[in-house]
Amino acid sequence: MKVTLIGYMGCGKTSIGKILSEKLKFFFYDLDSMIVQKKKDSIYNIFKKNGEIFFRKIEHLMLKKFLKKHKQYILSVGGGTPCYYNNIYLLNKYSKTFYLKTNIYTLYKRLYIEKKNRPIISHLSKNELFIFIMKHFSNRIFFYEKSSKIIDITGKSKKKIIKEIINNIE
């Protein structure tokens, strides 16, 4: 069984992934954490020092290597991962992908609360944050919707989301 969770930042990929891995007894991996460990630097610093293109190339190479190497897993990828190179197609080829879909307002509320922990948005005002999310989200939704299964998580408990994912794993 190979399961990948995709979606915009703040949708709960990591927290859902950890619970799902405990429930299914599969290892949980987070692509961003793997990159941080390999590069011995934060995602923010990698972006700042080398730029997004450099980061996306590393992300793509690590993703390819991971997908070909691992046989069973729950994987969480960054919000932008499916949108670059041919990552969404790789993810769909090697795993069952689940897009954790919610609306912009829910994402905005979640990200505003935790923005100090996310360097890419920590400096944004309320209005700037909302505009940032709208622009990013609208550019990324095309890729997210190419996932194997779309799970609308709006207003649902983690328990209900987990149950829905498990019911859709073949």
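Mentor: Helices (H or I, at least four residues) and strands (E, at least two) are DSSP runs, numbered from the N terminus. This is a predicted model, in which local features need pLDDT of at least 70, side-chain atom pairs count only at pLDDT 80 or more, and totals for chains, interfaces and linings use all residues. Residues are numbered from 1 along each chain as its sequence is written, and side-chain values use heavy atoms, with hydrogens and water left out.

Trainee: How many salt bridges does the structure hold?

Mentor: Side chains of opposite charge can pair when their charged atoms come close. A salt bridge here is a side-chain nitrogen of Lys or Arg within 4 Å of a carboxyl oxygen of Asp or Glu. By that rule, the number of salt bridges in the structure is 4.

Trainee: What is the N to O distance in the salt bridge of lysine 49 and aspartate 41?

Mentor: Take exposure before distance: buried means under 20% relative accessible area, exposed over 50%, and partly exposed in between (1.4 Å probe, protein chains only). Lysine 49 is exposed because its relative accessible area is 60%, while aspartate 41, at 17%, is buried. Their side chains meet in a salt bridge with an N to O distance of 2.6 Å.

Trainee: Is glutamate 52 buried, exposed or partly exposed, and at what relative accessibility?

Mentor: Glutamate 52 forms a salt bridge with arginine 56 through their side chains, at 3.1 Å from N to O. The two are 4 residues apart in helix H4 (residues 52-69), so about one helical turn separates them. Arginine 56 has a relative accessibility of 7% and therefore counts as buried. Glutamate 52 counts as partly exposed, because its relative accessibility is 32%.

Trainee: Which residues do salt bridges that share partners join into one network?

Mentor: Arginine 56 and glutamate 59 are 3 residues apart in helix H4, so they too are separated by about one helical turn. Both arginine 56 and glutamate 59 are buried. Arginine 56 forms a salt bridge with glutamate 59, with 3.0 Å between the closest N and O atoms. Through shared partners, one network joins Glu52, Arg56 and Glu59.

Trainee: Which residues gather in a patch of positive charge on the surface?

Mentor: Lys and Arg count as positive, and like charges are joined within 9 Å when their residues have over 30% relative accessible area and no salt bridge. The place of a charge is taken as NZ of Lys or CZ of Arg. The residues in the positive patch are Lys23, Lys25, Lys159, Lys160 and Lys163.

Trainee: Which helix gives the largest share of the positive patch?

Mentor: Lysine 23 lies in helix H1 (residues 13-24), and it counts as exposed because its relative accessibility is 57%. The largest share, 3 residues, comes from residues 158-167, which form helix H8.

Trainee: What is the phi of lysine 25?

Mentor: Lysine 25 sits in the loop between H1 and strand S2 (28-30). With a relative accessible area of 70%, it is exposed. Although lysine 25 is not a glycine, its phi is positive, at about 65°.

Trainee: What value is the phi of lysine 40 near?

Mentor: Lysine 40 is placed in the loop between helix H2 (31-39) and helix H3 (43-50). It counts as exposed, because its relative accessibility is 73%. Phi of lysine 40, a residue other than glycine, has a positive value near 55°.

Trainee: How far apart are the C-alpha atoms of tyrosine 8 and leucine 100?

Mentor: Tyrosine 8 is in the loop between strand S1 (2-6) and H1, and is buried because its relative accessible area is 1%. Contact means heavy atoms within 4.5 Å; leaving aside neighbours within four places in sequence, the contacts of tyrosine 8 include Lys13, Leu107, Phe137 and Tyr144. Leucine 100 is 92 residues away along the chain, but the C-alpha separation is 8.0 Å.

Trainee: Is leucine 129 buried or exposed?

Mentor: Leucine 129 is found in helix H7. Beyond its neighbours within four places in sequence, it is in contact with Tyr108, Leu111, Tyr112, Ile121 and Leu124. Its relative accessible area is 0%, so leucine 129 is buried.

Trainee: Which residues does phenylalanine 130 touch?

Mentor: Phenylalanine 130 lies in helix H7 (residues 126-144). Not counting residues up to four places away in sequence, phenylalanine 130 touches Ile104, Tyr105 and Tyr108.

Definitions and conventions: Patch = residues over 30% accessible without salt bridge, like charges linked within 9 Å, V, L, I, M, F, W, Y side chains within 5 Å. Areas by Shrake-Rupley, 256 points an atom, 1.4 Å probe, with all protein chains shown as cover.
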